Amino acid sequence: MQYKKRNQDSGQNLLVSGKRFPLTIKRLGINGEGIGYFKHKVIFVEGALPNEVVVAEVVEDNGKYATAKIHQIRTKSPYRIEKKDNYDVGGIELEHLKYEEQLKFKKDVFAQALEKFKPQGYQRFKLLPTIGMKHPFEYRNKAQFQVRKTIEGKVIAGLYKRGTHDLVDLPTFSTQRPLTMKVIRKICKYLENLEIPIYDEESNSGIIKTIVVRESFATGEVQVVFITNSEKLPKKRFLFEEINNNLPEVTSVLQNINKGKTSLVWGKTTKLLSGNEYITEKLGNVEFKLSARAFFQLNPYQTQKMYEEVKKALALGKAEKLIDAYCGVGTIGLFVANETNEIRGMDITPEAIEDAKLNAKLNKQNNFLYTVGRAENLIPEWQQNGFAFDALVVDPPRTGMDTKLIKTILKAKPRKFVYVSCNPSTLARDLKELTQVYYVDYIQSIDMFPQTARCEAVVKLSRR
């Protein structure tokens, strides 16, 4: 009997690629895919919605689960709508779902993550309705498009087809700002007309790899970065002439050098080619100078709403001191600066700290100390030197908080603590440790990326 069971587990239950079968979709997974069950196996179906009956076609069986695509929809969800974009790329994976349902899903994603990691008291956590947008399109202030040349000689720019390195040309994209799209399309035409060498991945030859365009919502300024395979940029004088004559919105042109085949988009060296080194963005009454590499949220409309939620959750007093971990260019700290006595921020990226210092000066704030380094090292050091802080805000990357930082927080026990999360799974994982010392007052989800499965949240924690 034992031999037969092992043999069955090793392959007899596998679904052959191309196999089709009817499937009822029970719910959406954290990446926005439909989830159903076939012979006790979890099936992930891209593009399927809850309560739909589809004919699923197996793409790949991974043993415990299988991925499939829709061959046919037999029973359609009442919440399925026509997509604006017909591209097989990331960033629009929920565009076929009514927006009100997207917002419900994004609240549910946090519930799913909590159910998986089970931090202390998670059943009693208050999950507030997701804060959405009135117009959930044209919100992305930055486009980072790969550039290639077709066999016919046309210069195209866009994103890779999902799961491949085949570039999909994007003449339109509904979540991007119209101005960023206009700038990219025109620059592609200039590169084509001037016959500037375009990067070829197979031969590792050519020059222009990627175009990055960022727009300021506040000023209308546009920053363009050419990411290149070499330090040379031939015919750049003619390229600048075209940009200056036809795209007056472009006030900053830079070049980033990233030689050879690499999975990284950016190289280490960035140089100014034309115009200003920065563009200026504004959130509320706070101004920010943004350099080419500076991290800034892609959706300024929702960013302001999110920072208002952070301010509300911190509820700072004028005599209180705040630590802003993962401070980046100082966005959160500067947004709450007038509410507090002193703010100290840290980041491991030296360029971000330089921008944070510049932004503090720009906003005439002098209650700041910005330092390059890791929060888990700097917090104990500052405390040993007599710095006592009342409040902490963390805004970590998608990987969540470093284990050492969590231990540092649990030892320091700041009275006020707000966690800004861009990943429900790593948030729930971190809360498993943090709830040893803190209660979770509430989780306020915010839709920073409509039409995608991604969601952010502001979490208010109180010391036990």
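Trp 382, Phe 387 and Phe 389 form one aromatic cluster. The model is a predicted one, and ten aromatic pairs are found in it.

**Aromatic rings and charges**

- The cluster made by Trp 382, Phe 387 and Phe 389 also has a charged neighbour: the charged end of Arg 344 sits over the ring of Trp 382, 5.2 Å from the ring centre.
- Another arginine over a ring is Arg 464, which lies over the face of Tyr 439 at 4.2 Å from the ring centre.
- A pair of aromatic rings is described by how far apart the centres are and by the angle of the planes.
- The structure holds ten aromatic pairs, and in the one made by Tyr 87 and Phe 173 the ring centres are 6.2 Å apart and the planes stand at 40°, so this pair is tilted.
- Tyr 87 belongs to the loop between E6 and helix H2 (99-117), and Phe 173 to the loop between strand E10 (167-169) and helix H3 (178-194), so their pair ties together parts that are 86 residues apart in sequence.
- Tyr 87 has a relative accessibility of 18% and counts as buried, because buried means under 20%.
- Phe 173 is buried as well, with a relative accessible area of 7%.

**The six-stranded sheet**

- Strands of a sheet pair through backbone hydrogen bonds, either parallel or antiparallel.
- Six strands make up an open sheet with mixed pairing, in the order E1-E5-E6-E4-E3-E2.
- The edges are taken by E1 and strand E2 (27-28), each with a single partner strand, so one side of each has no neighbour in the sheet.
- Strand E1 (residues 20-24) pairs with strand E5 (residues 53-61) in the antiparallel sense, over five bridges.
- E5 is also paired with strand E6 (residues 65-75), again in the antiparallel sense, over eight bridges.
- Val 53 of E5 is the bridge partner of Thr 24, and Val 53 also stands opposite Thr 75 in E6.
- Val 55 has its bridge partner in E6, namely Gln 72.
- Three residues lie between the strands in the hairpin of E5 and E6, where Gly 63 takes a positive phi near 95°.

**The second largest pocket**

- The volume of the second largest pocket is about 810 Å³.
- Its lining has 30 residues, of which Glu 46, Gly 47, Asp 88, Glu 93 and Arg 162 are the closest to the centre.
- Strand E4 (41-45) and E6 are the elements that give two or more residues to this lining.
- E6 gives the most to the lining of the second largest pocket, with six residues.
- By type, the lining residues divide into eleven nonpolar, eight polar and eleven charged.

- Most residues other than glycine have a negative phi.
- Glu 195 has a positive phi, near 55°, although the residue is not a glycine.
- Glu 195 is placed in the loop between H3 and strand E11 (208-215), and with a relative accessibility of 57% Glu 195 counts as exposed, because exposed means over 50%.
- Ala 315 likewise has a positive phi, near 45°, in a residue other than glycine.
- Ala 315 is found in the loop between helix H5 (300-314) and strand E17 (321-325), and at 43% relative accessibility Ala 315 counts as partly exposed.

Methods:
Residues numbered from 1 in each chain as written. Predicted model: local features only at pLDDT ≥ 70, side-chain atom pairs only at ≥ 80, totals over all residues. Heavy atoms only, no water. Pairing = 2+ DSSP bridges. Helix = DSSP H or I, 4+ residues; strand = E, 2+ residues; numbered from the N terminus. Phe/Tyr/Trp six-rings, centres within 6.5 Å; stacked < 30°, edge-to-face > 60°. Buried < 20%, exposed > 50% of the residue type's maximum accessible area, 1.4 Å probe, protein only. Lys NZ or Arg CZ within 6 Å of the ring centre and 35° of its normal. 1 Å grid on protein atoms, 1.4 Å probe; cavity = no way out; pocket = protein on both sides within 12 Å on 5 of 7 lines; lining within 4 Å. Points joined across faces, edges and corners; volume = space filled by probe spheres on them. Nonpolar A, V, L, I, M, F, W, Y, C, P; charged D, E, K, R; others polar.
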